Amino acid sequence: MSLSISHTGRSSKFLKDLGIYAIGNLGAKIITFAMVAVYTHYVSKSDMGYYDLCLTVLFLIIPFVTLQLRDGAFRFLLESDDSEQRSKIITFVYRTLITSSVVSLVVALMLALFAGIDYVWLCFLLLVVMSFYEVITQVARGLGRNVEFVVAGIISSLGILVFSVVFVIILPWGVAGIFIANILARIAALAYLEMRLKIIATYFKFNIDLGQVSRDLLKYSLPLLPGSLCWWLTGSSDRWFINYYLDLEANGVYAVAFRFNSIILILTTIFYQAWQETAILQYNSPDRDKFFSKMFNTYISVLAILLTAYAFMLKILYPVIVDVGYQEGVNYLYAMGISAVLFALSAFFDMGYQCAKDTVSTLPAIVLAAVVNIVCNYFLVKYYGVYGAIATSIITYAVLFVWRLHDMKRYFRLSFYPSTAIAVIIILLGVIPYHLFDLWWSLLYMIVACALALLSIPREMLLEMKDKMLQKLGIGKQ
């Protein structure tokens, strides 16, 4: 089966997928921001800090519960149109998740009996539903049901909003209410996917040979486990160092600011999800390097626009959105945004490993990044507090970006366009007006910088985006 499509067709597919993922992710994130406002007014800073630490631990455990099958299931389902093969993949996924959940239950029972950890059973339930949610939503993507994948995300986020109102505001149950809201919301999303796609009813088989499929999936997914541990250390160790050197309240302020930083992360996730499908399907196309270069240079320019608009608009809105006790977090936003941009650029290169199914080669860079992260956090957080943690993130993702930029030459070669330098300069120098200018000059800088970054986008991509928008309006070429 040939998966390669024309230059115009693949760009059109990418933009279509981008629109689908944008609708779902942006809708979900708007609801998430509403939750930040609710939690900062109804939950204490120390409780928010504790909840954030619990989430941090869960994010460490989830890859081991799922065996990183979220990545393997998507990758193998995407290139398979055979019903029997899909049944083998999905059956193996469900059997693995059920087995891991039973093991997690035993561990939770031991912790409840001997460790005395607060909210241990709520943590266990959230771990299980998050594990199923993470994998099954990717199964939906692998089956080509992107709309249902997006709707499930909206249901999950909307469920968190509704259940949080009930359990955090009306009752109120504090941190326990947040746990319960997240658990019920993901159960609702999973129920929707099953009712809509009938994944279990259609593909789950009791008597089916999983030998070769299980080996192929594990060969792809298991090398990602050490990487997931390193990613956790890279992305989450800052919380533990802040809590150790400072306190839970400082961690709570940092956690709230980081949730706003997820504006950039969620927008780059939209790009990543659309790009992931396009890159895998077009990896063997004859003009791959040219196409990938165009996408990469466009991505840098878009990131410059996102970072500038995000930081300068939040400079105005942050005091309105969050409670007065969390206001200090506004000072962290731009620097956090730079680390998010570097992470996003590094993730772009992840496609090389996925396209070639060479997941083992992801490990050296991720291990190096984790070591750099731990060492820098140890020295910088102790002396510079929260700013030390942010500086560590920037250094870590810069190291990862440089490594992967060099390593990607094994899979594809990128060309940098001269106009892209404009976007890079905007990103690097934007921190100065963010911290020094008043609101009027800050807004002026934002408008000028975004306009320049827009002009740095490759002309052919601008034309394709314009044609796509005109088609949506019904006035362009069909």
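So, ring pairs link a whole cluster here: Phe271, Trp275, Phe291, Phe292, Phe296, Tyr299, Phe348, Phe349, Phe401, Phe412 and Phe416. By a ring pair I mean rings of Phe, Tyr or Trp (its six-membered ring) with centres within 6.5 Å; planes under 30 degrees apart are stacked, over 60 edge-to-face, and the rest tilted.

Before I go on, this is a predicted model, so local features need pLDDT of at least 70 and side-chain atom pairs count only at pLDDT 80 or more, while totals for chains, interfaces and linings use all residues. Residues are numbered from 1 along each chain as its sequence is written, and side-chain values use heavy atoms, with hydrogens and water left out.

Back to the rings. How many aromatic pairs does a search of the whole structure find? It's 34. When I say helix, that's a DSSP run of H or I with at least four residues, numbered from the N terminus (strands are E runs of at least two).

Arg141 lies over the face of Phe149, 5.6 Å from the ring centre, and Arg186 lies over the face of Tyr133, at 5.8 Å. That label needs NZ of Lys or CZ of Arg within 6 Å of the ring centre and within 35 degrees of the ring normal.

Now salt bridges, meaning a side-chain nitrogen of Lys or Arg within 4 Å of a carboxyl oxygen of Asp or Glu. The structure has 10 of them. One is Arg404 with Asp350, 3.7 Å from N to O. Arg404 is in helix H15 and Asp350 is in helix H14, residues 350-355, so the pair ties together parts 54 residues apart in sequence. Both of these residues are buried.

Then have a look around Arg70. Asp71 forms a salt bridge with Arg70, the closest N and O atoms being 3.6 Å apart. Glu134 also bridges to Arg70, at 3.2 Å from N to O. Asp71 is buried at 19%, Arg70 is partly exposed at 24%, and Glu134 is partly exposed at 26%. Shared partners join Arg70, Asp71 and Glu134 into one network.

Next, the second largest pocket, with about 350 Å³ of space in it. A pocket here comes from a 1 Å grid over the protein atoms alone: it's an open set of points where a 1.4 Å probe fits, with protein on both sides within 12 Å along at least five of seven lines, and lining residues have an atom within 4 Å of a point. The volume is the space filled by probe spheres set on the points, which are joined across faces, edges and corners.

There are 17 lining residues, and the closest to the centre are Val57, Leu58, Leu111, Ile117 and Cys123. Which helix gives the largest share of the lining? That's H2, with 6 residues. Helix H2 (45-66), helix H4 (83-114), H5 and helix H10 (224-245) each supply at least two. By class, the lining has 15 nonpolar, 2 polar and no charged residues. Nonpolar covers Ala, Val, Leu, Ile, Met, Phe, Trp, Tyr, Cys and Pro, charged is Asp, Glu, Lys and Arg, and polar is the others, Gly among them.

Last, the backbone. Leu171 and Pro172 are joined by a cis peptide bond, omega about -25 degrees, and Pro172 is in the loop between helix H6 (146-170) and helix H7 (175-197). Gln68 isn't a glycine but has a positive phi of about 60 degrees; you'll find Gln68 in the loop between H2 and H3, buried at 10%. Lys357 also has a positive phi, near 55 degrees, and lies in the loop between H14 and H15, partly exposed at 35%.

Methods. Buried < 20%, exposed > 50% of the residue type's maximum accessible area, 1.4 Å probe, protein only.
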